[in-house]
Amino acid sequence: MSSPDPQVRAARNPSTSPAVRGPVVAVTGAADGIGALLTERLAASNEIKQVIAIDERRGECADAQWHILDVRDPVIAEKLRGADVVVHLALDLDLETDPAARTAFNVRGTQTVLTAAAAAGVHRVVLCTSAMVYGALPDNELPLSEDAELRATAEATGVGDLLEVERLAKRAPRAHPGLNVTVVRPAVLVGGTDTALTRYFESPRLLVVAGSRPAWQFCHVEDLCSALEYAVLEKVDGDLAVGCDGWLEQEEVEELSGIRRMELPSAVALGAAARLHRIGLTPSPAGDLAYTMYPWVVSGSRLHDAGWRPRWTNEEVLAELLEEVAGRHTVAGRRLGRKDATAAGAAGATVALLGTAALVRRARKARRRI
C-alpha cells in the first residue's frame, strides 16, 4: 500500500504540520450571523493561525477556541491575550429591540472591546458599521469615497449607535497609542439579515417619495466577510466601504423585482411614517425613509486598489433578497400576519399610509379605555 499523501499525514499528526505564521484573530458575536460566517471562514484559512470566538453562547465552529461571555464584561481583556487582531461584530441592530437597551449594549460593548484590546496588547481592531453613516442626502456624490464626510443623523434605526461607534474608533488610537482601528462600512446588507431596508422589499408596493432619486447598492454577507478578512490580514489600509459594483436605479429595481411602485408626496409619506412610529404601530422611525429616497452608494476604491472584488452583483443580491422575503408581508416596516397581509394586499400600501389618521384615533381611544 502506498504511503498517505503528505497533507493527510499532517492532518492525522498535527505535530508534523507546518507552523502557520498568520495572525491570531478574535471575533466577537461569533455564534450567529456575520460573526458565525466570518469565524468559519477564518478558521478554514491557511493564512490564519488561530481563531478565538467570543459570544454569549457557543456557536457551531469546532475549529475555534470559544469563550462564553458578554462583551461588556471587562474580563474579556483576559480572553484577548495573545490575539493580534480583534473583529468586533457583537452589535444589536434588531428592529424590535428597545432603542435604549440597544444603544447601551452597542456603545458600552464597543468601548469595552477597544479598551480590553489595548490592555491585552492587540495591535488592530476591526469594527463593522454601515455605509448608512455617510447619510442619504440629495446632494451626495455618486459614488461616495471612503473619506466622504459622515453626514448621517441619529434619526434612522441604529444609525445613532453606529455614529457613536465611529466616534469611538476615531478616538481609540489617541487614547491607546499603538492600537490601530479599521472601520468597514457595508452597503445594504443581504444574506440572512432583517433590516428596515430589507423589509422595504416585503411590501405589496415599493414606496417612492415624489421628487426623490433612490440609488440601490447591495452588499452580500459573503462579500462583507471577504472584505473583513482583507482587513484582518492587513491587505488594505484605512477605513473601508464595501458593496457590489455600481448601483441600480429605482426603475431597474421595480423591473427586476416585479413589484409596482406607490408614489406619495414627501410630506404625506414622512408624516405618516413618523406618526405610525410614534404610537408604536411600526418599528421604523421616519428617518429610515431617507435611505430609500436619496443615494448613499459607495465606491469601495480602497478594497479595489488592494485587489479585492465582490463576487456578487447588485442584480444577483436583489434576486436573493426577493427569494428570502418571499411570503413575508410588511407595511410601513411592520410585519403582518397572513390575515392582515391579505387585507393589505387587496387594499394596497396606500391605505396603510393614508389611513394613518384612523389608526392614530383608534390607538388613542384604546389608551383612554385603559
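**Notes on helix packing and chain totals**

1. Helices H8 and H11 are oblique to each other. The model is a predicted one, and in it the axes of H8 (residues 250-257) and H11 (residues 314-325) come within 11 Å, crossing at roughly 50°. The hand of the H8 and H11 crossing is right-handed.

2. Which residues of H8 and H11 meet? On the H8 side they are Val253, Leu256 and Ser257; on the H11 side they are Glu315, Leu318 and Leu322. By class, the contact of H8 with H11 holds 4 nonpolar residues, 1 polar and 1 charged.

3. A second pair is H4 (residues 99-119) with H5 (residues 159-175), whose axes come within 10 Å and cross at roughly 15°. H4 and H5 are therefore roughly parallel to each other, since angles under 35 degrees count as such. The crossing of H4 over H5 is right-handed.

4. From H4, the residues making this contact are Arg102, Thr103, Asn106, Val107, Thr110, Gln111 and Leu114. H5 contributes Asp161, Glu164, Val165, Leu168 and Ala172. The contact of H4 with H5 divides into 5 nonpolar, 4 polar and 3 charged residues.

5. Where does tyrosine 294 lie? Its place is the loop between helix H9 (266-278) and helix H10 (301-305). Leaving aside residues up to four places away in sequence, tyrosine 294 touches Ala136, Leu137, Pro138, Ser212 and Arg213. The C-alpha atom of tyrosine 294 is separated by 8.9 Å from that of glycine 135, and these two residues are 159 residues apart along the chain.

6. For the chain as a whole, contacts with a separation of 6 or more can be split by sequence distance: 77% of them are accounted for by residues 24 or more positions apart. The contacts of tyrosine 294 with residues including Ala136 and Ser212 can be read alongside that figure.

7. How many helices and strands does the protein chain have? The count is 14 helices and 15 strands. The protein chain has 370 residues, of which 50% count as buried.

Technical notes. Residues are numbered from 1 along each chain as its sequence is written. This is a predicted model: local features need pLDDT of at least 70, side-chain atom pairs count only at pLDDT 80 or more; totals for chains, interfaces and linings use all residues. Side-chain values use heavy atoms; hydrogens and water are left out. Helices (H or I, at least four residues) and strands (E, at least two) are DSSP runs, numbered from the N terminus. Buried means under 20% relative accessible area, exposed over 50%, partly exposed in between (1.4 Å probe, protein chains only). Contact means heavy atoms within 4.5 Å. Axes are lines fitted to C-alpha atoms, for helices over the stretch in contact, and angles run from 0 to 180 degrees between N-to-C directions. Angles under 35 degrees count as roughly parallel, over 145 as roughly antiparallel, 65 to 115 as roughly perpendicular and the rest as oblique. A crossing is left-handed if the near helix is turned anticlockwise from the far one by less than a right angle, and right-handed if clockwise. Ala, Val, Leu, Ile, Met, Phe, Trp, Tyr, Cys and Pro count as nonpolar, Asp, Glu, Lys and Arg as charged, and the others, Gly among them, as polar.
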